[in-house]
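Here is a briefing on one protein model. Please look over the sequence and the fold, then read the notes below.

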Amino acid sequence: YYDFEMADPNKDLVDDYMEFLELHRQIIDNCDWCHISVDNANALKYEQIDRIINWNSNKPDKMHVIFAASRSAFADSLLMQEHPNIKMHGLTIDMQFTFINNFTARYGKKLTRAQQEAIVKGQHSNDPTILYLILNTLINFGSMERLDERIQKLIKDANYSIFFGLSYDYDDIFGKSLSYTFASGLLAIALHADVGISEENLINSMGVKMGDWAIVRPTILQFCHGNTQSLTFNRIAWNHEVKLHYSTPWICATGCRLIDWWMDRIDENMRLAASSILSIYLFIWHLPFPDDETNSRIKHIVRRILLSPKTVCEVPLCLQSNVWSYFASTEFSTSITSIGAPVDSLTTEEQEKYYKKLLRIAETHNRYADMEWCFNQLANINTISTMLRIY
């Protein structure tokens with residue numbers, strides 16, 4: 001069993017999966033038939049999907065793999081390959097009643113049959129994530145007299161957005177200091193939607209107090225999946241709802257501060273820091289920046305990441321490509337201060353990898369001048385390489 005949500009956040013997801021297979025190589029090699037269950041494959045990005053599909057096409061016949069994934073680019077890619085598939089359609093009515101009874105029993109509580117039926121009649125009660133959030137809220141609700149009223153409100157919220165409704169509730173429940181910590185936690189996770197953020201980095205980058213975090217932590221983690229090394233929301237739409245819920249100037253200013261925080265640590269973990277910065281920029285690029293100087297400074301940081309060899313080769317291609325959509329006027333040949341080693345200090349193989357990755361981005365966005373520049377750079381490298389072999 002392998003779970004992509006439990007992968008090492010400092011490694012590429014596919015690299016981590018391959019290490020898992022290598023760890024079990026002796027078992028796999030020595031058996032006549034083996035089955036691997038792979039969970040949360042929806043976490044894979046486009047270039048990672050290609051690697052997994054290529055691996056799957058060349059795996060030994062005795063190895064059978066089941067991938068579990070919500071609707072995603074990976075699921076769509078796998079369906080195009082015409083692999084056998086089973087579509088899950090949520091909880092049945094009987095399963096919903098069982099879910100409710102089992103969940104509340106864990107906390108020594110029980111809802112009346114009428115209360116259970118009211119929940120089951122809700123529009124999204126067949127969704128385990130929504131049902132969990134409703135029940136998790138109820139077992140922490142302190143007033144038995146107002147329990148029916150609370151159930152009705154949660155059902156109404158779920159018909160629109162349970163996340164949005166609960167966010168407003170917690171703003172009212174928490175005091176001023178705790179509301180800020182709660183909002184900071186949600187925003188940090190939303191800003192890192194494409195890469196995830198560890199609990200430790202969230203606390204340090206947002207500057208929240210440990211005592212306050214300990215109180216709001218359960219309310220935030222109930223919205224998340226993955227482990228505390230890479231927190232993301234259960235639903236992609238919730239990232240957008242954070243943007244609707246809070247002030248856009250505050251969101252943008254926080255995003256700029258986090259980009260500076262990551263830049264101070266980019267030498268420690270270039271892949272994670274650069275990926276985080278690009279994810280944050282995708283979230284804030286269209287929001288009102290504090291001033292023109294800050295806007296220019298952040299854009300310069302992002303351009304450095306988009307054109308530096310080290311970051312280009314390590315950051316996921318789809319993330320770079322998405323950010324390039326907002327830098328149409330920036331040419332690949334732009335002279336810019338590099339993060340890490342400059343291009344001319346790299347080996348021939350490293351230079352080829354760099355220009356080929358930029359070429360793929362240029363092709364995606366129909367940047368013909370940049371495509372020509374990449375081809376010329378690759379031609380020069382190959383010419384030099386051939387000359388070196390001759391001499």
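In this predicted model, α3 (46-58), α17 (309-314) and α19 (348-364) each supply at least two residues of the lining of the second largest pocket. Helices (H or I, at least four residues) and strands (E, at least two) are DSSP runs, numbered from the N terminus. Local features need pLDDT of at least 70 and side-chain atom pairs pLDDT 80 or more, while totals for chains, interfaces and linings use all residues. Residues are numbered from 1 along each chain as its sequence is written, and side-chain values use heavy atoms, with hydrogens and water left out.

**Second largest pocket**

- The pocket's volume is about 510 Å³. Volume here is the space filled by probe spheres set on the points, with grid points joined across faces, edges and corners.
- Its lining counts 20 residues. Cys313, Glu314, Val315, Lys353 and Lys357 lie nearest the centre.
- α19 provides the largest share of this lining, with five residues.
- By class, the lining holds seven nonpolar, two polar and 11 charged residues. Ala, Val, Leu, Ile, Met, Phe, Trp, Tyr, Cys and Pro count as nonpolar, Asp, Glu, Lys and Arg as charged, and the others, Gly among them, as polar.

- Lys357 sits in helix α19. Its relative accessibility is 15%, so Lys357 counts as buried. Buried means under 20% relative accessible area, exposed over 50%, and partly exposed in between (1.4 Å probe, protein chains only).
- Beyond four places in sequence, Lys357 is in contact with Val312, Cys313, Glu314, Val315, Leu317 and Gln320. Contact means heavy atoms within 4.5 Å.
- Helix α18 (residues 317-324) is largely enclosed by the rest of the structure, because seven of its eight residues are buried.
- The buried residues of α18 are Leu317, Cys318, Leu319, Gln320, Ser321, Val323 and Trp324.

**Largest cavity**

- One cavity of 30 Å³ or more is counted. The largest cavity has a volume of about 40 Å³.
- Ile119, Gly122, Gln123, His124, Ser125, Ile130, Ile134, Ile155, Ala158 and Asn159 line the largest cavity.
- α7 (128-139) and α8 (147-160) each give at least two lining residues. α8 gives the most, with three.
- The lining has five nonpolar, five polar and no charged residues.

**Loop residues**

- Ser198 is in the loop between α10 (176-191) and α11 (199-206). Ser198 counts as buried because its relative accessibility is 10%.
- Ser198 touches Thr228, Gln229 and Ser230, leaving out residues up to four places away in sequence. The C-alpha atoms of Ser198 and Ser230 are 4.7 Å apart, although 32 residues separate them along the chain.
- A polar atom of the Ser198 side chain lies 3.1 Å from the backbone nitrogen of Asn201.
- Pro288 is in the loop between α15 (270-284) and α16 (292-307). At 42% relative accessibility, Pro288 counts as partly exposed.
- Pro288 touches Thr248, Pro249 and Cys252, not counting residues up to four places away in sequence. Pro288 and Pro249 are 5.7 Å apart, C-alpha to C-alpha, and 39 residues apart in sequence.

**Positive phi**

- Asn40 is not a glycine, yet has a positive phi of about 55 degrees. Asn40 lies in the loop between β2 (34-39) and α3 and counts as buried at 18% relative accessibility.
- Asn366 also is not a glycine and has a positive phi of about 55 degrees. Asn366 lies in the loop between α19 and α20 (368-390) and is partly exposed, with a relative accessible area of 48%.

**Whole protein**

- The secondary structure comes to 20 helices and five strands.
- Along the principal axes, the C-alpha atoms fill a box of roughly 85 × 65 × 35 Å.
- Of the 391 residues, 49% count as buried.
- Among contacts with a separation of 6 or more, 71% join residues 24 or more positions apart.

Definitions and conventions: A polar contact is a pair of N or O atoms within 3.5 Å; within protein, one must be able to donate a hydrogen and the other to accept it, and residues adjacent in sequence count only if both atoms are side-chain atoms. On a 1 Å grid over the protein atoms alone, a cavity is a set of points where a 1.4 Å probe fits but cannot get out, and a pocket is an open set with protein on both sides within 12 Å along at least five of seven lines; lining residues have an atom within 4 Å of a point.
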